[in-house]
Amino acid sequence: MSTQHPDNARVPEWASGEIIAWEDEVYEAYYVFSELRAQEQMWDWEGKDVDPRVVRKLLESFPEFFREHVLGVDVFLTYRVPNPSVEGAEKKGLVEALESIPFSYDVATKFYGNNASPPVFEVILPLTRSHEELLMVLSYYKRLVASKGRVELLDCGVTVADWIGDFKPHKIEVIPLIEDLESLLAIDRIVSSFIRAVKPPYVRVFIARSDPALNYGLPAAVVLSKVALAKLAKVRAGLDTPIFAIIGAGPPPFRGNLNPPNVERFLREYGHYWTATIQSAFKYDYETSEVRDAIEKLNRELGARKLEELIDLEYEDLEVKSLLHKLSAAYRSRIEKLHVLVREFSQLIPKRRARRLHVGLYGYSRSTGRIKLPRAIRFTATLYSLGLPPEILGVEALLSLTDTEWDALMSLYVNWRHDLEDAARRVCWDNIELMLSDTPHGVGAKAAAEAVLRDLEVLEGELGIKTGPHSISERRYNNEVNNILLAYADGDLVDSRRSIERAAEMRRFLG
């Protein structure tokens with residue numbers, strides 16, 4: 001992550017496109033600190049086999065760097081842990097993650113001396129829906145991890161601490177990662193209740209950007225990210241507690257449009273955030289010098305626009321809910337027609353990182369059951385590979401907005417036209433014609449293609465945004481995307497996969 005923290009090389013071999021396995025991620029943490037100049041690395045225990053001895057391996061493997069850049073003071077390692085309230089088999093991963101924190105502290109003490117700062121002192125709780133979930137994480141750590149040193153082992157009074165030492169740090173901070181619509185609209189209640197219960201010196205709040213887009217569509221996701229920030233601004237002013245917001249952005253417009261060439265526009269859209277996530281495509285699909293310059297710009301300018309500026313943001317909850325309903329309903333109507341093709345086609349998308357099971361948010365009742373979609377990266381990659389960028393799905397809803405709703409959208413979504421123009425260049429009309437075909441070579445997406453046609457008509461006819469390639473290089477990309485679907489329809493899955501990878505390389509992100 002690129003961040004301003006409240007507490008103040010070489011390209012890896014696997015960056016060429018191979019799967020980043022969990023054992024590679026220790027070196028990756030060092031690489032992003034030392035070569036890319038990022039200030040924080042998220043260590044993701046959610047659905048992945050991460051190394052619980054990461055702190056020891058970092059300090060032992062790269063001692064010169066970490067003596068000069070103190071872990072927990074100059075650079076930061078932040079755990080994302082499973083949320084037991086929503087996880088299945090992975091829920092006890094929370095226990096494993098929290099138990100590793102005192103071990104990491106002991107390693108840091110041996111490396112830095114007895115006055116070492118904790119190398120890990122914050123954890124991110126995904127899918128947070130209530131402040132009680134945050135309190136349970138803090139309570140578990142305090143009562144069952146940090147306090148176990150006081151447990152007596154023998155009747156003579158020998159304690160765990162006498163035997164194996166104290167368990168430090170004695171407390172940690174927890175960062176709520178808020179992802180669904182209802183929780184984002186209630187973020188003020190969640191965070192203010194947490195602050196009143198804990199009275200922390202500061203709160204970092206992680207606002208998801210990718211999963212809301214997956215669940216509700218692009219414009220709705222941006223609106224949610226801004227409304228949530230405005231609510232946090234009012235909480236900060238009312239309770240006088242520093243709040244530092246994190247945005248979970250990815251490289252395509254659908255997921256935040258955070259990539260090195262677009263950093264300036266990203267800052268105009270999300271400059272009130274304190275921290276932004278830097279994902280694999282940002283780090284490895286551009287020249288290292290360009291990546292480093294972009295990260296250093298984020299380090300300088302994120303948080304420069306104070307949260308208090310949003311207190312007077314004009315919106316009404318009922319107005320925003322009406323706007324979100326219209327935007328998300330149109331998007332979901334497209335997904336209902338596309339989801340079978342998306343689910344089947346997504347199996348061709350290559351992985352970028354090794355992962356286990358992940359709990360997805362998307363799912364809503366309908367007569368034929370519940371729609372299941374892949375993770376946000378795979379979902380986005382699938383639609384780009386089909387020539388139907390997800391940003392365009394449901395654009396027809398813009399015609400149904402009232403003047404007040406339209407004004408609200410324009411004030412909340414600064415880069416809306418640029419993002420739609422960016423995505424529209426990657427529409428593949430040849431693929432749409434194949435989807436519309438009644439021939440045996442059709443791909444079973446006629447109803448979806450017909451619905452998307454209405455969105456394309458709005459883009460071109462109402463908004464004046466040209467769809468399809470504009471340049472020679474974009475035409476070459478378009479040909480590659482066309483071959484993806486032609487090979488798929490012809491049963492040549494090997495060639496389809498090859499074209500998927502080539503197209504991803506050309507656009508500089510998988511999904």
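Across the protein chain the mean pLDDT is 91, and 90% of the residues reach 70 or more. The model is predicted, so local features need pLDDT of at least 70 and side-chain atom pairs count only at pLDDT 80 or more, while totals for chains, interfaces and linings use all residues. Residues are numbered from 1 along each chain as its sequence is written, and side-chain values use heavy atoms, with hydrogens and water left out.

The interior comes next. A nonpolar core is a set of buried Ala, Val, Leu, Ile, Met, Phe, Trp, Tyr and Cys residues joined through side-chain atoms within 4.5 Å. Buried means under 20% relative accessible area, exposed over 50%, and partly exposed in between (1.4 Å probe, protein chains only). The largest such core holds 153 residues, of which Phe66 and Tyr79 touch the most other members. Helix α10 (residues 218–239) gives the most to this core, with 13 residues. Helices (H or I, at least four residues) and strands (E, at least two) are DSSP runs, numbered from the N terminus. Leaving aside residues up to four places away in sequence, Phe66 touches Tyr30, Phe33, Leu58, Leu59, Leu71, Val75, Phe111 and Tyr112. A second, separate core of 7 residues includes Met1, Ile175, Phe206 and Ala208.

Charged pairs also join parts of the chain. A salt bridge is a side-chain nitrogen of Lys or Arg within 4 Å of a carboxyl oxygen of Asp or Glu, and the whole structure has 25 of them. In one, the closest N and O atoms of Glu122 and Arg204 are 2.9 Å apart. Glu122 is in strand β4 (residues 122–125) and Arg204 in strand β6 (residues 203–208), 82 residues apart. Both Glu122 and Arg204 are buried.

Glu269 forms a salt bridge with Lys226, with 2.5 Å between the closest N and O atoms. This pair links helix α11 (residues 263–270), which holds Glu269, to Lys226 in helix α10, 43 residues apart. Glu269 counts as buried because its relative accessibility is 4%, and Lys226 counts as buried at 10%. Helix α11 has a further partner: its Glu264 pairs with Lys297 of helix α13 (residues 288–301), so parts 33 residues apart in sequence are tied together. The closest N and O atoms of Lys297 and Glu264 are 3.1 Å apart. Lys297 is buried, at 19% relative accessible area, whereas Glu264 is partly exposed, at 40%.

What do the buried residues of α20 pack against? They pack against α14 (317–345), α15 (376–386), α18 (429–436) and α21 (493–507). Among the buried residues of α20 are Tyr477, Glu480, Val481, Ile484 and Tyr488. Helix α20 is followed by Gly491, whose phi is positive, near 85 degrees.

Glu480 is found in this helix, which covers residues 472–489. Why does Glu480 count as buried? Its relative accessible area is 15%. Beyond four places in sequence, Glu480 touches Ser499, Arg502, Ala503 and Met506.

Definitions and conventions:
pLDDT is the predictor's confidence in each residue, from 0 to 100. Contact means heavy atoms within 4.5 Å.
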